[in-house]
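This report goes through one structure, from its chains down to single backbone bonds. Please keep the sequence and the model at hand.

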Amino acid sequence: MTFAHYACGSYEHGANRRRFLRQSLSGIAAGGAIAGGLGSLAFGAAAEQLKSQDMRVVVFNMHGGLSQLESWDPKPGTKTGGPCRSIATSVPGVHISDLLPYTAKQMHHLCLMRGVNTAEDDHGKGAYMMLTGRRQSGAADYPQIGAVAARMLNDENRGLPGHIVVTPNGGGGKGNEAAYLGPKYASISLGGSKPPPNTTKPDAITDESETRRHELRRHINQEFLSRRRTAITDAYTHSYEQALRLMERKDVFDISKEPVRDQDRYGKHDFGRQCLMARRLLENGVSFVQVTHSNYDTHNENFIFHIEQLGEFDQPFATLIADLADRGLLEKTLVVVLSEFGRTPNINLYYGRDHWSKAWSVVMAGGKLARGAVFGKTNDEGTEVVDGQVDHGALFHTYLRAVGVDSSQSIAVDGRELPIADPAAAPIWKVLT
Amino acid sequence: MDITKTHIAYQWKYDRPLIACRMAPNGLQVASSSEDSMIQLWTVPSGEKKMLTGHESWVHALCYSSDSRQLVTGGCDGKIIWWSVQDESPSILRKIDAHAGWIRGVAISPDNLTVASVGNDRIVRLWSMSTGEMIYELAGHERHIYSALFHPGGNQLVTGDLHGKIHIWNLYDRKLERTIDATPLYAENKGQGAEFGGVRAMALNVERNELLAGGTHKATNPFGAVHEPLVLRLNWSDGVLKKSHACDGIAGGLVWRVQWLMDGTAVGVSGGSTGGILLFFNDTQEKEIHRFKLPTLARDMDIHLESNMVATAHYDNHLRISGMFAKV
């Protein structure tokens, strides 16, 4: 799902490096290498109505495992609190870490989930659970939230991909993130705030020859598809056409077209530019954007690294929330800040915190979610959830409900009805309006 | 003094892991800070303990006045506190808002008139020791500042930062005089998106024309505490690197403090996954001439030169005082 440089030497590093090497627009065109059928999708008019509602999702993946104690659920003055303190927010009585002063001023838009217990301390498995809403198993693979959002929300008439993943170096994405939805809904990966690679036609190719090439390709495709049409061949065709549309609309990925003042407000560093890119993509109707902020796997020197990382995260994130609200987009945009897990309340001997999935936090905002809300509670030292416990399955249902998707529905694939969210879980109705 | 006979003379336990420590110049008291944001005052050699309450966060920076009567502390709460520490009931003399964010180092000038403080806000500030009023500030560091010391002559201040830059400030004209390169102590890990290391410790010996800068190198995995201790021996006058004191077999080590002994031996304390180690160096070789393994991971040290005693602050809640001589 994303690139990884874990402190604990996880397998994810190697696996995602291979994925990174697969990334490029040409890789998209070759997306048929990913297995999975594109079955009949049984939503019809309801699906079209949903798409017309123009809902979107932006996910911030705090890669490596953000510490809940240095962010959304601080415990200052306790044995586990560490040196960071808490500050008041725009919602009376709600305090978050002093490392998030700008975000604190946007708390009235946010919905803090402080009772997350996913019981999985492995990076790869935790990430899978948080992005698919299911526990990983050898028996089945499930689509990530980005692929589901692209399938359910994206209006293809806009000519833009529905699933975009922004990482610092363009790695990540792909894999089998679309699972049974098929490669059509896999992500396009952007490196930093740069547009997709290879979207500029080489000078040596004239417009006329370019047109003729594609006419020839379409003609041959049509001949072939008339006899051997499959989900894979559809995906190939879609990839080429999507690449062409991307070339036509590559200005959507050019943040230099944003006002200079906005570029300053978001910050000149990578993450600031990525947040501005996210805003630009969302405003242009891209249904799902995932921005990775890396890295939080702070087994060593947890506090100084969180000062650094959240110091970079805070202002651009808060600016994006404020902008979405000011422009009326927050009503139509679900914002999620997640990790693969949280970090241990115990402070280790290197001033670090290790992996901790029993009691941590996720933040959401927008769509049909309650504003300025806190759901769930941990004990005084943050070691356990004492109220409002939720897990990845419930969160996944809630993401979908927040953008108007009935998470109890199924998708028919090759004659099988596959629930889009884990039927054993349910939405967190108390945070939905 | 015989560093090869170093031994633990006293150890006193507190309730929480310790962070930093300093010995009073008179050798009769040690101040330590702990993960509950408290300061402990330990009487030497009885181990009697008094508590100082005033900071709202952890304290990494402590410094005694030369007469041992005052202790100045800088906290992660951005505050500096002056404490009267030789009274029956120690008390706060003054408390000021000094920096935005963590204070990483405080130093008192040789004439006891000025306090210098540095921290994450990248600003060097100088304060009146007697009133707590800011005298002036110095800007020029681009990253967090970790360490500060006064030149014994009092006319220069030396500050070291995360990027391995050591700035020498002229305090007469209040300007940056020059910069010494200690970048071997800095690592950027692009894969982890992390900057790590920096000048965690410094010690100046004007007679030897040498500046020691301590920290870490080989930081291949900063988030996983994979790095090794390193002390740079630099020419004070021109900043030329004379020796890199690296130590074998101390994976996970980081030099939290360096100091000079009377005979010109350099001492560093390393803490990390290999525990706490006192490392002794001279100018004839890059490897240490002696190492003393402490019982557990240490996070700071302070040497009392006249008595050849060294205090160390430990993760296992203990303050330990070791003698650098044969047991009597």
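Helices (H or I, at least four residues) and strands (E, at least two) are DSSP runs, numbered from the N terminus. Residues are numbered from 1 along each chain as its sequence is written, and chains are lettered from A and ligands numbered from 1 in the order in which they are written. The model is predicted: local features need pLDDT of at least 70, side-chain atom pairs count only at pLDDT 80 or more, and totals for chains, interfaces and linings use all residues.

Chain A holds 12 helices and 16 strands. A residue is buried if 20 or more other C-beta atoms, placed from the backbone, lie within 10 Å of its own; with 12 or fewer it is exposed, and in between it is partly exposed. By that count, 55% of the 433 residues of chain A are buried. Two residues are in contact if their C-beta atoms, placed from the backbone, lie within 7 Å. Take the contacts in chain A between residues at least 6 apart in sequence: 74% join residues at least 24 apart.

A nonpolar core is a set of buried Ala, Val, Leu, Ile, Met, Phe, Trp, Tyr and Cys residues joined through C-beta atoms within 7 Å. The largest one has 206 residues. Ala278(A), Val289(A), Val336(A), Met364(A) and Ala213(B) touch the most other members. Helix α11 (residues 302-326) of chain A gives the most to this core, with 11 residues. Leaving out residues up to four places away in sequence, Val289(A) touches Val58(A), Ile164(A), Val166(A), Ala278(A), Leu281(A) and Leu282(A).

Helix α5 (residues 123-132) of chain A is largely enclosed by the rest of the structure, because eight of its 10 residues are buried. Among them are His123(A), Tyr128(A) and Leu131(A).

**The side of chain B that touches chain A**

How many residues of chain B are in contact with chain A? There are 19, and they meet 19 residues of chain A. On the chain B side, eight are nonpolar, eight polar and three charged. Here Ala, Val, Leu, Ile, Met, Phe, Trp, Tyr, Cys and Pro count as nonpolar, Asp, Glu, Lys and Arg as charged, and the others, Gly among them, as polar.

**An open sheet in chain B**

Two strands pair if DSSP finds at least two bridges between them. In chain B, four strands form an open antiparallel sheet in the order β6-β7-β8-β9. Its edge strands, β6 (59-64) and β9 (91-97), each pair on one side only. β6(B) and β7(B) (residues 70-75) are antiparallel over five bridges. Within that pair, Ala61(B) stands opposite Gly74(B).

**Backbone details in loops**

Two peptide bonds are cis, and two residues other than glycine have positive phi, as listed here.

| Feature | Angle | Loop |
|---|---|---|
| Cis bond Ser294(A)–Asn295(A) | omega about 20° | Asn295(A): between β7 (288-294) and α11 of chain A |
| Cis bond Val44(B)–Pro45(B) | omega about 5° | Pro45(B): between β4 (39-43) and β5 (49-52) of chain B |
| Tyr351(A) | phi about 60° | between β9 (342-343) and β10 (355-356) of chain A |

Are Tyr351(A) and Asn112(B) buried or partly exposed? Tyr351(A) counts as buried, with 24 C-beta neighbours inside 10 Å. Asn112(B) has 15 other C-beta atoms within 10 Å, so it is partly exposed.
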